[in-house]
Amino acid sequence: MGTEGMRTDRLGLLLDQFDHARETAQVRLTGLSDEEYLWEPVPGCWSIRRRGEAATPRAFGPGEWVLDLGAPDIPASEYAEVARQAAGGMTVAKIADDWSVSVERVEQILAHTGAPEPDAAPITTIAWRLAHLHFQFAGGWEWAFGERRQDPKLMVDFVPSAASTLERFWPVIDRWRDSVAAVTDEQLDTVGFSQYPYSNDADNPFITVLAGANLELIHHMAEIALLRDLWRARFTAPG
């Protein structure tokens, strides 16, 4: 990514980063087929499934197809984030509520003793990652710029069609970007400007929420790009 011509103000930097990630992602998703979209590279992947075939205990969605979600826990990769939340003044009870786990689980992690080993992070399909981004950005807009009323997990009707998903996904991403572009400096520094319910957004200045949203788009799209590479190479014999 070149830096020539990039803005240096806080919001400008975040918008430029978001725009580059979105442009790259749209190019990388060109030609996505339904078969590739739902491809499970290993058994037991998380994906979208018909409601009656859900393989995880907390799968959700408003329609016939639901998004896999497992039993609540905090992955080992997020322990540092838990420590940061505690250092920032969040109570153990609030952290537990944020991650949908018990107070005892949080206390174990903060103490770094006696904590049971978490399950390995699941392998997910392209469908799962796009659905994850879709409901998060739809809900993120609703709880920052909208009526702050709708449950994000019920805002997106997941479907097994790659084309239909992308046709509905990009307008949600662009609506978020357009609203972010109009945010004032005062709003950037406002704690609780976002009230997104499945996070600690309400405890942070909005600029940190925006930075987190950028990272969410970047890292999930990078994972999708890798899955596309693996799909293309899956029957390629080693040289």
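Student: Which residues do ring pairs link into a cluster?
Tutor: Rings of Phe, Tyr and Trp (its six-membered ring) pair if their centres lie within 6.5 Å; planes under 30 degrees apart count as stacked, over 60 as edge-to-face and the rest as tilted. Here F18, F137, F145, W176, F193 and F206 are joined into a cluster by such pairs. This is a predicted model, where local features need pLDDT of at least 70, side-chain atom pairs count only at pLDDT 80 or more, and totals for chains, interfaces and linings use all residues. Residues are numbered from 1 along each chain as its sequence is written, and side-chain values use heavy atoms, with hydrogens and water left out.

Student: How many aromatic pairs does the structure hold?
Tutor: There are 13 aromatic pairs. In one of them, F169 and W170, the ring centres are 5.0 Å apart and the planes lie at 65°, so the pair is edge-to-face.

Student: Where does a charge sit over a ring?
Tutor: The test is NZ of Lys or CZ of Arg within 6 Å of the ring centre and within 35 degrees of the ring normal. K153 has its charged end over the ring of F60, 5.1 Å from the centre. R234 lies over the face of W231, at 3.5 Å from the ring centre.

Student: Is H132 buried or exposed?
Tutor: Buried means under 20% relative accessible area, exposed over 50%, partly exposed in between (1.4 Å probe, protein chains only). H132 counts as buried because its relative accessibility is 13%.
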